[in-house]
Amino acid sequence: MSDSEKSKNFSAWFGSVTYGGDFSLSEKPLISTSSELSDQLISTLSSSQNIRLISSLKPVFKEEKPDYRALAKEAGLADTDAEYVSTLREIAIQTARKQLSASMTEDKKVIQAVEALDDLNETINHLTERLTEWYSAYYPELDLPGEAYVRFVSEIPESASQSLMGAPATHEDLLLLQSFADDILSLYERKAAVESFIEMKMKETAPNLSQLAGVVLGARLLSMAGGLKHLAAMPSGSIQVMGAEKAMVKHLRSNAPSPKHGTIFSHPILNTAPFRLRGKIARSFAAAVSLSARTDYYSGTFNPKIESDLNTKINRIKQASSQKEVKE
Amino acid sequence: MSDSEKSKNFSAWFGSVTYGGDFSLSEKPLISTSSELSDQLISTLSSSQNIRLISSLKPVFKEEKPDYRALAKEAGLADTDAEYVSTLREIAIQTARKQLSASMTEDKKVIQAVEALDDLNETINHLTERLTEWYSAYYPELDLPGEAYVRFVSEIPESASQSLMGAPATHEDLLLLQSFADDILSLYERKAAVESFIEMKMKETAPNLSQLAGVVLGARLLSMAGGLKHLAAMPSGSIQVMGAEKAMVKHLRSNAPSPKHGTIFSHPILNTAPFRLRGKIARSFAAAVSLSARTDYYSGTFNPKIESDLNTKINRIKQASSQKEVKE
Amino acid sequence: MTDFLKPYSDGVYEGRMRGKFQLYTKNAAPGSIVYGEKIMTDDDGTEYRSWDPKRSKLGALYQKKIRVPLTSGSRVLYLGAANGTTVSHVSDILAESSGVVYAVEFSERPMRDLVMLAEKRNNIIPIFSDATRPELYFPMVEPVDVIFQDVAQANQAAIACKNAAYFLKEGGHLILSIKARSVDVAKNPKKVFAEEIKTLEKNADASFKILKTIDLAPFHVDHMGVIAVKNSKE
Amino acid sequence: MTDFLKPYSDGVYEGRMRGKFQLYTKNAAPGSIVYGEKIMTDDDGTEYRSWDPKRSKLGALYQKKIRVPLTSGSRVLYLGAANGTTVSHVSDILAESSGVVYAVEFSERPMRDLVMLAEKRNNIIPIFSDATRPELYFPMVEPVDVIFQDVAQANQAAIACKNAAYFLKEGGHLILSIKARSVDVAKNPKKVFAEEIKTLEKNADASFKILKTIDLAPFHVDHMGVIAVKNSKE
């Protein structure tokens, strides 16, 4: 556009603007419906070149600011101030709608499913407890763990009362108890379905993270970070202690020791490690989680080297420690 | 048995004992299996005559005590001390089992059902909230109350995306969401079934209470009191403030006002009453609840006069108050 | 006897758990535990069950090194047996000789657990009744050496006195746990305790000489333990 | 104008609710409420929405009788719009003249509500973007008279300065809510506030003269409100 070093241009919602001492319209949009304009705005907003240009113009903007209304009027998008606002508003609403519609990425679906899974677990425990309490009036001796108890109640034949001190159950009692148990069993099924949904989505969206951390822990880390993008952007030190926020606050406020690991501790590589190596291993593991998330976010292809490198590193930590022991 | 005023007898687990200066066995049991003995013990334990006799002997027991082991040996129920304990233990266990089996009376079933209903309500709210949050990523504009929302999700045709800013839903997304919604609908059904179970049992067990307070409030009062027997035994002042325990403790500990009503406030007779008459009306209503519970517990037959008397009384309260207003 | 444990009181043993002082009783129903307590097994296979003072008022009394007047030969009336956490340890103690415990409980749910406990132990007589009305279970309970009472309701001392009138032998002991909040939520606990003690000392049904009173904190807040001996006939 | 309400500040009205001082704004979307606020209607049918200071930092500033530099003609950049509780009142104020509010929000869920709010009100420009990176939404936002910021994250003052560099006119105002815990959970709130104020006063992007700082308690705990004016070019 201009040969001068100082002359720069950037795109705004109504067209391109050139700066060369002052701001002027350099390009009008060739389209006119608000749907087209919002599509174009979405590509403008996500253009890293445009973002760079704007950033580089910050020193200019500090001193003087472009008059968008005048430029939009020049571009033919508004005749009055009121029209400027109403046109921009319509485009902004459409833009936001499209962005929101696109924001439900696969990793966000994992997060939703993880939250639903937590609710299902809580609900199942709660209702199973209630059923146990309720049915134990009829069969106090029955001692089965969670799901087996529910299945038993759902399947009892009406005739059978195996209890020495339970109340006799009437037809209505049994019907109600059995259908209550059936509901809980259905929630157990749903839980399994949500789990396999998470597994499927995780393997698609985050193959490296799924392989390294496992689907369950991987999904939980994703959920806590708020998405794959956020997990990929997180320093590995933060990943290491994510889920140990309380201990961290305590550490910062007082002399309590800094937490060595948060949620990642549920991984066998950590919870089976010798106590004094856990800090070191947690650091390596968190770094590998971070690398996995970044690989998943930026390339999306599976790289087996992440896991094998981690194993090599952990073996080295363990060897160094046992050699030290031998010396001592 | 004895002509002397001082000679009295009472029944113990091993037979009848006569007191006339000292304790002697007056009657041996004619039966011998532990099941028979426990049946007999149950009737002994619930005999109000026997209870009265024992109470009247308290001054004697303060001074001297019967040697049950010797008497039981005499009755032929044990040869040694060890046998005394083992025989009694077996009978006691059987007795307790039978008592427990009989303790699940219809009003206790109401209590269990009320508790299950509370859990179902909590669960339904919790899962409905989760579904709303989950599905709103796909259809944020959808604004329906609770059950209607769930029903909508359960019935969405896969093709239809009515949203301007929702994410497009894949086949798997929809399947999972729909089955989740189906589970919640099933819990709504269960809730309705538990409610009609409560209604049925309440009308059978507590016809007067059901009529006066309504099935729902009646069941709740029963549940809070711990059973019809307890509700019948409760002073009507306690019934009036039951459910306002926190306010009551606050009142007792500080200068906070005494609560005028607790759970009974949910009844229209109270919550539609003029503010300044509520205390008086609550007192009358609680008295009628108490009378209903006592009638249900002791006679079990329906007495329409309880409700009509209450209405008369409340009308009188309202009239007296409006006359006072006129005067002023 | 194991290396780890040594006798502490009749039927009660002391040892260490994670470096801390810990009481045990010899398991009278080997192979089964009652409330998640830890088991320690000695060389000849005898099992000892750890006794958690936070779960048991009686356990807290022992833990606080109070002399508890309970021996392995005692006949015990236990009021407020609940689901048998403490009763099981009492049963352990009594099983070392020929003692027996009459365990009274009024609520259905804990009573079911108590019956199942009694099925496994031959010195527990389970009684499904109301501890405030001893005339109801008088047909089942012989005179006893010790009354232990832990009921969370008003008039705790009066209930103990009434039971003592019916069942407690001359010179027999009362071990009582008083929960201040159960007597009166609004009153100062100290005042409550003082009034309950006064009831024990002078009551028409029975009167006691107080041997020991002790705050059960930190194991149980607002609870006081009382050990008393029944006065002879006046 | 109703009997109950009288003007309080440009676009803001005062009245009473249950005997207490209460602020209102004139409903720019008659017939709809946003967050359960109460509506008061005057004789000619105009609706006024009560403004809950506990639900709004800006509302708390007005409630505390601070002079807020916001007029009905202002162009406002609102950072941290959330689901639009406060934005709706700002929109009410601006609707009395020709003001406009650019509302930036980064989280999807509140953003959806915000879009639905903008659909009902013709002076809200909803922007789904990250307030810490003004270069991202520069193509949509014209120079403004006022920046209001309520973002719960670290470096709150620095974020405000950066936005001011891009958007705030000479002599424009900043209204900032600082949440101490968001800046640093471990630090003393007073220290946090002092440091953030220092940042506002000297920052490479923009510098401010502080007009007023005020603790937002009891409406918002550990929050400070700041009103500042942008210094002219040096």
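A: Leaving aside residues up to four places away in sequence, D:Arg121 touches A:Arg89 of chain A, together with D:Asn27, D:Ala28, D:Ala29, D:Val34, D:Arg49, D:Ser88, D:Ser91 and D:Asp92; a contact here means heavy atoms within 4.5 Å. This is a predicted model, in which local features need pLDDT of at least 70 and side-chain atom pairs count only at pLDDT 80 or more, whereas totals for chains, interfaces and linings use all residues. Residues are numbered from 1 along each chain as its sequence is written, chains are lettered from A and ligands numbered from 1 in the order in which they are written, and side-chain values use heavy atoms, with hydrogens and water left out.

D:Arg121 lies in the loop that links α3 (108–120) to β8 (124–128) in chain D; helices (H or I, at least four residues) and strands (E, at least two) are DSSP runs numbered from the N terminus. With a relative accessible area of 1%, D:Arg121 is buried, a class that means under 20%, with exposed over 50% and partly exposed in between (1.4 Å probe, protein chains only). One of the residues touched by D:Arg121, D:Ser91, also makes a side-chain to side-chain polar contact with D:Arg121 at 3.0 Å. Such a contact is a pair of N or O atoms within 3.5 Å; within protein, one must be able to donate a hydrogen and the other to accept it, and residues adjacent in sequence count only if both atoms are side-chain atoms.

Chain A, which supplies A:Arg89 to this list, has 16 helices and three strands. Its radius of gyration is 30 Å, while a compact globule of 328 residues would have one near 20 Å; the radius is taken over C-alpha atoms, and the globule rule is 2.2 Å times the number of residues to the power 0.38. The C-alpha atoms of chain A occupy a box of roughly 95 × 70 × 40 Å along the principal axes. Buried residues make up 49% of the 328 in chain A.

Chain C has seven helices and 12 strands. The radius of gyration of chain C is 17 Å, close to the 17 Å that the rule gives for 234 residues, so chain C is as compact as a globular protein of that length. Its C-alpha atoms fill a box of roughly 55 × 40 × 35 Å along the principal axes, and 59% of the 234 residues of chain C count as buried.
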